[in-house]
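Dear colleague,

Here is the structure I said I would hand over. My notes on it follow below.

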Amino acid sequence: MTTEAHAGPLPRAAAREDAGRRVYRHGILARTAHWGWTLAILVLVMSGLQIFNAAPYLDASDKSNPARRVLAFDAQRVDGHPAGYTIVFGHRIPTTHLFGYADDGMGEESPRAFPAWLTLPGPQDLADGRRWHLFFAWLLFLAWAAYVVSAGVRGKLRELVMRPEDFRKLWPMQLYYLRLRKEPPPHGTYNPLQKLTYNVVVFVFFPLLILTGLTLSPAVDAALPWLTALFGGRQFARTWHFTLMVLLLGYFATHLTLVLTTGFWNNMRSMITGWFVLGKHDGVGP
Amino acid sequence: MKRRLFVASSLSALGLAGCGQVKESLTNGPFRGVLLSTENLNHAVIGTHGLAREYRDADVDRQFRVNGLDTPSDAAYTALARGGFRDYRLVVDGLADRPQKLSLAELRAAGERTQITRHDCVEGWSAIGKWRGVPLGTIVTMAQPKRSARYCVFHCLDADQSGQRYYESLDLKQAAHPQTILALDLNDAPLDLDHGAPVRLKIPTQLGYKSAKWVARIELVAELKPLGGGAGGYWEDQGYEWYAGI
């Protein structure tokens, strides 16, 4: 990233005077990392659901234990018709055609937790699902590490890391987003809500996703037993891994909504070419 | 705003529709070699270090889950089982200076290790069992592997519907790990037929499919390519990793 221009930028007044000016918002590293982990997350979620389908339940325990079941999928025949269920903390929710009994990627519906259009590969194939997942786990880790190290070395992380005063500005910023306040609180490159979200994703979700994933592996458990114990055991780690994935998808939905509503093409251009045109939406970045 | 949403949703619909073919061609196309290379990286980075956690008696699953191919039902195995496996001999041969033929009594006499460990299936579930048997390293050492020997191959008595026999393999380092055992007992009783009687491999530092059941012969070899489908095991031949530590 260049120094002259940060864009979700500067106090609001300055941005207004600058409206229409092109600024170089995202450096090549940030853009590469962004698209690298977008691709990685897409593949990881889909191949992860493929892997999940092989044992479609989650337990809050070390070994598998139905008494500590948090989530499960089930297929049954009801009045002669197949039905799919999602069972959350013991509550059965009918989800036929979507979860539990769904598209199997072979032109039919079968007992299957997640449908073929959500998994990679589509049809049931644990072996290839694992190959995809483990390759892109490395890609995510390397993109993450390259970003954090490089941004850290060049002092860029300082603009991103939450500071105590940012917490006080969270509520005013939220009010601004809700249009209940005219001006956002003064802030640097990133506004306090952006900072919080990016901090949680980059410094909490990504590392925890990687670590909980690693503790599903018997060799990692033997090498780093304290890590597995920290998550409550292998099945509990599997439950955390899945939960973090759902939370990350929640972030992704919010992110996408903001990308779409704060100048879609301008946002896309800035994340592809780096160049962003300052306008009335500045300060409310994705 | 509406137009953008329309464009975005059309793009995603298009993506989903074409996705089946894209996924298929990516999985089996030239990219496949790149995907497979991850296994060597994982083997190099994670490898086999430390000891799998050992549990207390209270943690044991009394009804240990049965998984894998069907229990052998051929005449030879049925006869062995009817005789209480008195006629069973574990063959250790291949690149060995002193090939072995060991009865169950000889196996029990060779050494003993009891471990309560977690069995982690590649499907994602886990179960805890109390395994008692003889360290594999002890048996391999008895056979005196030649310098050219690099792997132990486990030839098993079970076969799938098409007649393909189960087999597995470990390198000699994995075989020498203190928790890699030839199990004879599960939960304080001799292995029952469904759990791999009379001898199965138990390697808690790798995924469950490495712990071959119904082991009849251990062959010491220099390379895995000539065996079965060439990948070093029944499930490996179907695309699963040979290094199953992760």
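Across the interface of chain B and chain A, the rule finds 8 salt bridges. Please keep in mind that this is a predicted model. Over all chains, the structure holds 26 salt bridges.

Two of the pairs are worth looking up. In one salt bridge, the side chain of Arg118(B) meets that of Asp221(A), at 2.5 Å from N to O. In another, the side chains of Asp62(A) and Arg53(B) meet at 3.6 Å, again N to O. This second pair crosses between chains and joins two loops: Asp62(A) is in the loop between strand 2 (57-59) and strand 3 (69-78) of chain A, and Arg53(B) is in the loop between helix 2 (32-45) and helix 3 (75-82) of chain B.

On the interface as a whole: chain B contributes 54 residues to the contact and chain A contributes 40 residues. Between them the two chains bury about 3,800 Å², and 59% of this area is on carbon and sulfur atoms.

Helix 2 (residues 28-52) of chain A packs against helix 9 (residues 234-261) of chain A at an angle of about 135 degrees, and the axes are 12 Å apart. The two helices of chain A, helix 2 and helix 9, are therefore oblique to each other. Their crossing is left-handed. From helix 2 of chain A, the residues His34(A), Ile41(A), Val45(A), Leu49(A) and Phe52(A) take part; they meet Arg238(A), Phe242(A), Met245(A), Leu248(A), Leu249(A) and His255(A) in helix 9 of chain A. By type, the residues of this contact divide into 8 nonpolar, 2 polar and 1 charged.

- Pro121(A): the peptide bond from Leu120(A) to Pro121(A) is cis, with omega near -10 degrees. Pro121(A) sits in the loop between strand 7 (109-112) and helix 3 (126-153) of chain A.
- Pro198(B): the peptide bond that runs from Ala197(B) to Pro198(B) is cis, with omega near 0 degrees. The loop between strand 8 (189-190) and strand 9 (200-202) of chain B holds Pro198(B).
- Asn187(B): this residue is not a glycine, yet it has a positive phi of about 50 degrees. Asn187(B) is in the loop between strand 7 (181-186) and strand 8 of chain B.

Regards

Notes
Residues are numbered from 1 along each chain as its sequence is written. Chains are lettered from A and ligands numbered from 1 in the order in which they are written. This is a predicted model: local features need pLDDT of at least 70, side-chain atom pairs count only at pLDDT 80 or more; totals for chains, interfaces and linings use all residues. Side-chain values use heavy atoms; hydrogens and water are left out. Axes are lines fitted to C-alpha atoms, for helices over the stretch in contact, and angles run from 0 to 180 degrees between N-to-C directions. Helices (H or I, at least four residues) and strands (E, at least two) are DSSP runs, numbered from the N terminus. Angles under 35 degrees count as roughly parallel, over 145 as roughly antiparallel, 65 to 115 as roughly perpendicular and the rest as oblique. A crossing is left-handed if the near helix is turned anticlockwise from the far one by less than a right angle, and right-handed if clockwise. Contact means heavy atoms within 4.5 Å. Ala, Val, Leu, Ile, Met, Phe, Trp, Tyr, Cys and Pro count as nonpolar, Asp, Glu, Lys and Arg as charged, and the others, Gly among them, as polar. Buried area is the accessible area (1.4 Å probe) that two parts lose on being put together, summed over both. A salt bridge is a side-chain nitrogen of Lys or Arg within 4 Å of a carboxyl oxygen of Asp or Glu.
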